[in-house]
Every structure is written in structure tokens, then in C-alpha cells.
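Please read the report below alongside the sequence and the coordinates.

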Amino acid sequence: PQSFFGPYLRNLPFEFWGVPVFYSAPELRLMQDPSLVESTRDRCRFLAEFAERVLAPLHRTERDPFSGIAADVNAFGWGFASAASRALRHVEVGGSATNGL
């Protein structure tokens, strides 16, 4: 479907290679920071549960936020990674640079 946001969405990366939620199980085991591994697993669990419990039941109903386009855990993960990758940016505030925090 046509969307006001279509041109913006088409310019977002197709894949996010360096985002841990897309790592395979063997790649996750290579991570050396236990807290990062745990938070990544928690985030993956959240994405999977939300996709299954919230998005899937809405698919092709009148409340479907995606107009009949399937939004599985991978699509939801991509959206999450897209938003997260744009959350912190280099901005100039009062003449000095900041990382957005």
C-alpha cells in the first residue's frame, strides 16, 4: 500500500548485521559480556512473545495495524532495530556536540 512514510522506509537498511537480536545461537555464545547476552535474550524473548501474542491475532482483522501485511517476529525485530539505530544521533546543542544522550 502507498504510505506517506514509504520513501523514508525504503531508505532504511534492509538488514542489521551488527544487532545482537539477529545473532544465531552460536554467535550469542561467543559474546563475552554475560549481562549483554542476558539482555539480548530478554529482548529476543519479548520480540517473539509480542509478535505471537499481539501481532499475530490482529493479522487480517479490522484492527490490523499493517493492512493485512504479515508482521512476524523478524519484521518486528527489523522495526525495533530500525528505531533503535536512529534513537541516538550526533546533534549540536548550544554550539557543542552531543551524542544525543
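What follows describes the chain, its confidence, a helix contact and several individual positions.

## Basis and confidence

This is a predicted model, in which local features need pLDDT of at least 70 and side-chain atom pairs count only at pLDDT 80 or more, while totals for chains, interfaces and linings use all residues. Residues are numbered from 1 along each chain as its sequence is written, and side-chain values use heavy atoms, with hydrogens and water left out.

The predictor's confidence in each residue is expressed as pLDDT, from 0 to 100; its mean over the chain is 84, and 84% of the residues reach 70 or more. Confidence is highest in H3, at 93, and lowest in strand E2 (residues 96-98), at a mean of 56. Where pLDDT is low, the predicted coordinates should not be read in detail.

## Overall architecture

The chain has 4 helices and 2 strands, where helices (H or I, at least four residues) and strands (E, at least two) are DSSP runs numbered from the N terminus. From that terminus on, the elements follow the order α-α-α-α-β-β.

Of the 101 residues in the chain, 16% are buried; here buried means under 20% relative accessible area, exposed means over 50%, and partly exposed lies in between, with a 1.4 Å probe and protein chains only. Contact means heavy atoms within 4.5 Å, and among contacts between residues at least 6 apart in sequence, 44% join residues at least 24 apart.

## The contact of H3 with H4

The axes of H3 and helix H4 (residues 73-85) come within 9 Å and cross at roughly 125°; such axes are lines fitted to C-alpha atoms, for helices over the stretch in contact, with angles running from 0 to 180 degrees between N-to-C directions. H3 is therefore oblique to H4, given that angles under 35 degrees count as roughly parallel, over 145 as roughly antiparallel, 65 to 115 as roughly perpendicular and the rest as oblique. The crossing of H3 past H4 is right-handed, a term used if the near helix is turned clockwise from the far one by less than a right angle, with anticlockwise giving left-handed.

On the H3 side, Arg43, Phe46, Leu47, Ala48, Phe50, Ala51 and Leu55 meet Val73, Phe76, Gly77 and Phe80 in H4. By class, this contact has 9 nonpolar, 1 polar and 1 charged residues, with Ala, Val, Leu, Ile, Met, Phe, Trp, Tyr, Cys and Pro counted as nonpolar, Asp, Glu, Lys and Arg as charged, and the others, Gly among them, as polar.

Threonine 40 lies in helix H3 (residues 34-58) and is buried, because its relative accessible area is 4%. Leaving aside neighbours within four places in sequence, threonine 40 is in contact with Pro20, Val21, Leu28 and Met31.

## The loop between H3 and H4

Phenylalanine 66 has its place in the loop between H3 and H4, and at 39% relative accessibility it counts as partly exposed. Apart from neighbours within four places in sequence, phenylalanine 66 is in contact with Leu55 and Ala71. The C-alpha atoms of phenylalanine 66 and leucine 55 are separated by 9.4 Å, with the two residues 11 apart along the chain.

Arginine 60 is also in the loop between H3 and H4; its phi is near 60°, a positive value in a residue other than glycine, and it is exposed, with a relative accessible area of 68%. Serine 67 lies in the loop between H3 and H4 and has a positive phi of about 50° although it is not a glycine, while its relative accessibility of 60% makes serine 67 exposed.
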